[in-house]
Amino acid sequence: MKKIAKLLSVFLLSLCIFTFFSNPVISAEEDEEEYTELEYYYNDNKTKVKIPAKYETKDAEMRGAWVATVFNMDFKKQNGTSEAAIQGYKDQFHAVLDTLESYNINTIFFQVRPTNDAFYKSEINPWSQFLVGAGVDPGWDPLEWMVEETHKRGMEFQCWMNAFRVTQSSILGTGETAKRYSYTELVGRKKSAIATLADGNYAKLHPEAVVMGSEDCKLILNPGDLGVQQHIVDTLKEIVENYDVDGLHFDDYFYLSGGSHSETENTNFEGGETY
């Protein structure tokens, strides 16, 4: 009986040793080294954001191309909202993917927010003027479909956005600058330009957050306005929470050219000799 008990003890000890080495305990110190905890909280809850302590690069390289929708430079408008028009738009995107694949491109940067608008179904940004028309529902969700079609080919789809741009062109005459106009004239031009925007456009809802450059005379959302900043954050969250995109990019910000300001106003709208 003593021999059986002794053998059983040896067996249990061996089993414990085997289990220990097969499943090594990870110390708290090692776990801390694996991730770095930032002083930021995820989605406004009590969970802190963590990032890998050591970044390991992927084996594959990124080979990307930009597809511009502003001015319909690289991509034509959808010609209406019929099934044929939608299919024509899809055919156009397939042709772009075919071309990119022929050059061994594995990533597409598609411009989904050219002028404070959207190429996707949004609750806070109107449909883009470069899709069908300003504020016009195209009858489907292009972004959702484009992401799916891109992934089918083993390629990545990344969103290219312009954060603040409201108008892509000057609201004054070609080559003209703000100092040639009076305050009243500049404000009138600003109001006329904003009136052409789609309902729901942030600039139309908050014209006080729209400023203009003195030389290029384009309208942008004021980057220093807290409401504008929150709108951009909300725009980013809306995309990543609703679409399986592989990245978000702000290519350029289109800050004011020759802009000036005071603590309370955009002096670009004063014009005249006082500018």
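1. Where is Lys76 found? Lys76 sits in the loop between S3 and H3. Helices (H or I, at least four residues) and strands (E, at least two) are DSSP runs, numbered from the N terminus. The model is predicted: local features need pLDDT of at least 70, side-chain atom pairs count only at pLDDT 80 or more, and totals for chains, interfaces and linings use all residues. Residues are numbered from 1 along each chain as its sequence is written, and side-chain values use heavy atoms, with hydrogens and water left out.

2. Lys76 is exposed, with a relative accessible area of 61%. The classes are these: buried is under 20% relative accessible area, exposed is over 50%, and partly exposed is in between (1.4 Å probe, protein chains only). Leaving aside residues up to four places away in sequence, Lys76 touches Tyr89 and Gln92. Contact means heavy atoms within 4.5 Å. Lys76 and Tyr89 are 13 residues apart in sequence, and their C-alpha atoms are 8.0 Å apart in space.

3. Next, the sheet. It is open and has four strands, in the order S3-S4-S5-S8, with parallel pairing. Strands S3 (64-67) and S8 (247-250) are at the edges; each has a single partner strand, so one side of each is left without a neighbour in the sheet. From one strand to the next, the twist averages 30 degrees. Two strands pair if DSSP finds at least two bridges between them.

4. Strands S4 (residues 107-113) and S5 (residues 156-161) pair in the parallel sense over six bridges. Ile108 has Phe157 in S5 as its bridge partner. Gln111 stands opposite Trp160 in S5. S5 is mostly covered, with five of its six residues buried.

5. H3 (residues 83-102) lies across S3, S4 and S5, and runs at about 145 degrees to S4. H4 (residues 142-152) lies across S4 and S5, at about 145 degrees to S5. Axes are lines fitted to C-alpha atoms, for helices over the stretch in contact; angles run from 0 to 180 degrees between N-to-C directions.

6. Helix H7 (residues 226-242) has 17 residues. From first C-alpha to last, H7 reaches 24 Å, close to the 24 Å expected at 1.5 Å a residue. That expected span is 1.5 Å times one less than the number of residues. At the start of H7, a side-chain oxygen of Asp225 comes to within 2.8 Å of the backbone nitrogen of Gly227. A polar contact is a pair of N or O atoms within 3.5 Å; within protein, one must be able to donate a hydrogen and the other to accept it, and residues adjacent in sequence count only if both atoms are side-chain atoms.

7. Which residues of H7 are buried? They are Val228, His231, Ile232, Thr235, Glu238 and Ile239. Seen down the axis of H7, they fall within an arc of 120 degrees, so they line one face of the helix. The arc is that of the directions from the helix axis to the C-beta atoms. The buried residues of H7 pack against S4, S5, helix H6 (202-205), strand S7 (219-221) and S8. On the other side of H7, Leu226 and Glu241 are exposed.

8. Two buried loop residues deserve a look. Arg165 lies in the loop between S5 and helix H5 (183-195). Arg165 is buried, at a relative accessible area of 6%. Its side chain reaches the backbone oxygen of Pro114 at 3.0 Å. Ser122 is in the loop between S4 and H4. Ser122 counts as buried at 18% relative accessibility. The side chain of Ser122 reaches the backbone nitrogen of Asn125 at 2.9 Å.
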